[in-house]
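Let's walk through this model together, beginning with the ligand and moving on to some backbone details. Keep the viewer open as you read.

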Amino acid sequence: MAEGGSERPLIRDITELPGIGPTTAQKLVEAGYSTIEAIAVATPLELSNATGIPLQTAAKIVKAAREAVGFTIKTALDLKRERLSAKKITTGSKNLDELLGGGVETKNITEFFGEFGSGKTQICHQLSVNVQLPEEQGGLEAKAVYIDTEGTFRWERIEQMARGLGLDPDKVMENIYWVRAINSHHQMAIVEELFGFIKRENVKLLVVDSLTSHFRAEFPGRENLAMRQQLLNKHLHQLMRLAEMLDVAVVITNQVMARPDVFYGDPTQAVGGHVVGHAPGVRVQLKKSRGNKRIARIVDAPHLPEGETVFVITEWGIRDPE
Ligand code: GTP
Ligand code: MG
C-alpha cells in the first residue's frame, strides 16, 4: 500500500471540504485554520472555541478534514520502509551522528535538552546550515525554518558555520527562514501556518528553539501544570503531524537544569519528559564537559543503542573532538 498521500498534493484549500461555505471558511481562516491539515489535527472543541462555530458543526468539519487528509492501513513492512526512507541530516559530528543512528531524521521530532550553554542552540544553527548540503555530505539540499522563541538566533554564527564548510555564507543565510515567536499562542499559530509554506519552499528542517520557554513563563508553577501540559501536548502533536506528513526533521530544544535531583524533582521537567517521551521522538540530553567539549546521551529511545558520546563546539561549529 502506498504511503498516505504521496500521489496527491498534501496541502489543499479548506473550501474543498464538503459543507464549508464562504462564511465558515472565513471564520476558520481568521482563527488560523487555513489548511485542511491544520483542521485535521485540531479537536472539535478547540476548533469550536477558536471560531465560534457550534461544536457539532466543528466535529463534522474535523471529521471531513481527517478523511480528506486520508488515513491508510499499513502493513508492518510499510512501516519498516517508511522508517528506512526517513532521511538524515548530519550534525557536523560523526560521534553525534552515530549516536543518533546516522543523524537527525526526517518524519520525526528530535529533542535536545540540557542546561544553559550545553549547545542546544549551536546544534540548531549547525543543522540549519547542514540541511543545505548535498546528500553525499550529509545534507538534504533543502532549506530550514527556525522558530526563535528566545531571540538567540545569530546570523553571524550561520555565516561562520557556512565558511567552516566552504559554503557561500549569503546563499546559506538565504535558505534559512527565521520567525520570532512572541508567545506560546503565536508559536503554535506559526506552526499551523507553516504547513503550506514548508511544502512550497522545500524545507526539510524545522527548528523550535526553545520549545518550552514561553510555556513555562506563561504557565508557571504547579497550579498551571495541567494547562501547560495540555498546550505543550497539542503543540508537539502538531509538530509530529508536520514531521510525518511533510517528511521534515523537527528539532526542538528544552532547557533543563543540570543537577539530577533538581531535574527529577522539578515538575516542568516531568512535563517535558512525559510529553515528548510519549511522542515517537528521539531525546538527546546534552551536558557541559571540559572547555568546549559536550556530552550527548540518548534518553529512552528503544530503537537506538544506549550510550553517550562527546562532541565539541568550535569556531566553525559542531565537530568531533581532535
Ligand atoms: P540556553 O539556550 O541558554 O539554554 O543554552 P544552549 O544550550 O542553547 O547553549 P548554546 O548552544 O547557546 O551554547 C553556548 C556555547 O556555545 C557557549 O558557551 C560557547 O561555548 C559556544 N559558542 C557559542 N557561540 C560560539 C562561537 O561563535 N564560537 C565558539 N567557538 N563557540 C561558541
Ligand atoms: Mg539556546
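**Around the ligand**

Of the 16 residues around ligand 1, the ones that come nearest are Gly 117, Lys 120, Thr 121, Gln 122 and Gln 255; a residue is near a molecule or strand if one of its heavy atoms lies within 4 Å of it. Before going further, please note that this is a predicted model, in which local features need pLDDT of at least 70 and side-chain atom pairs count only at pLDDT 80 or more, while totals for chains, interfaces and linings use all residues. Residues are numbered from 1 along each chain as its sequence is written, chains are lettered from A and ligands numbered from 1 in the order in which they are written, and side-chain values use heavy atoms, with hydrogens and water left out.

Which elements supply at least two residues each of the shell around ligand 1? They are α7 (120–130), α8 (155–164) and β10 (308–314), where helices (H or I, at least four residues) and strands (E, at least two) are DSSP runs, numbered from the N terminus. The most comes from α7, which gives three residues to the shell. Sorted by class, the shell has two nonpolar, eight polar and six charged residues. Here Ala, Val, Leu, Ile, Met, Phe, Trp, Tyr, Cys and Pro count as nonpolar, Asp, Glu, Lys and Arg as charged, and the others, Gly among them, as polar.

Now look at the oxygen atoms of ligand 1. One is 2.9 Å from an N or O atom in the side chain of Gln 255. For the side chain of Arg 294, the distance from an N or O atom to a ligand 1 oxygen atom is 3.4 Å. Ser 118 takes part through its backbone, with an N or O atom 3.2 Å from an oxygen atom of ligand 1. Taken alone, ligand 1 exposes 670 Å², and the protein buries 65% of that (areas by the Shrake-Rupley method with a 1.4 Å probe).

**Backbone details**

Most residues other than glycine have a negative phi, and most peptide bonds are trans. The bond from Asp 209 to Ser 210, however, is cis, with omega near 0°. Ser 210 sits in the loop between β6 (203–209) and α11 (213–218).

Glu 141 is not a glycine, yet its phi is positive, about 50°. Its place is the loop between α7 and β4 (143–148). Asn 202 also has a positive phi, near 50°, and is found in the loop between α10 (184–200) and β6.

Technical notes:
Polar contact = N/O pair within 3.5 Å; in protein donor to acceptor, adjacent residues only side chain to side chain.
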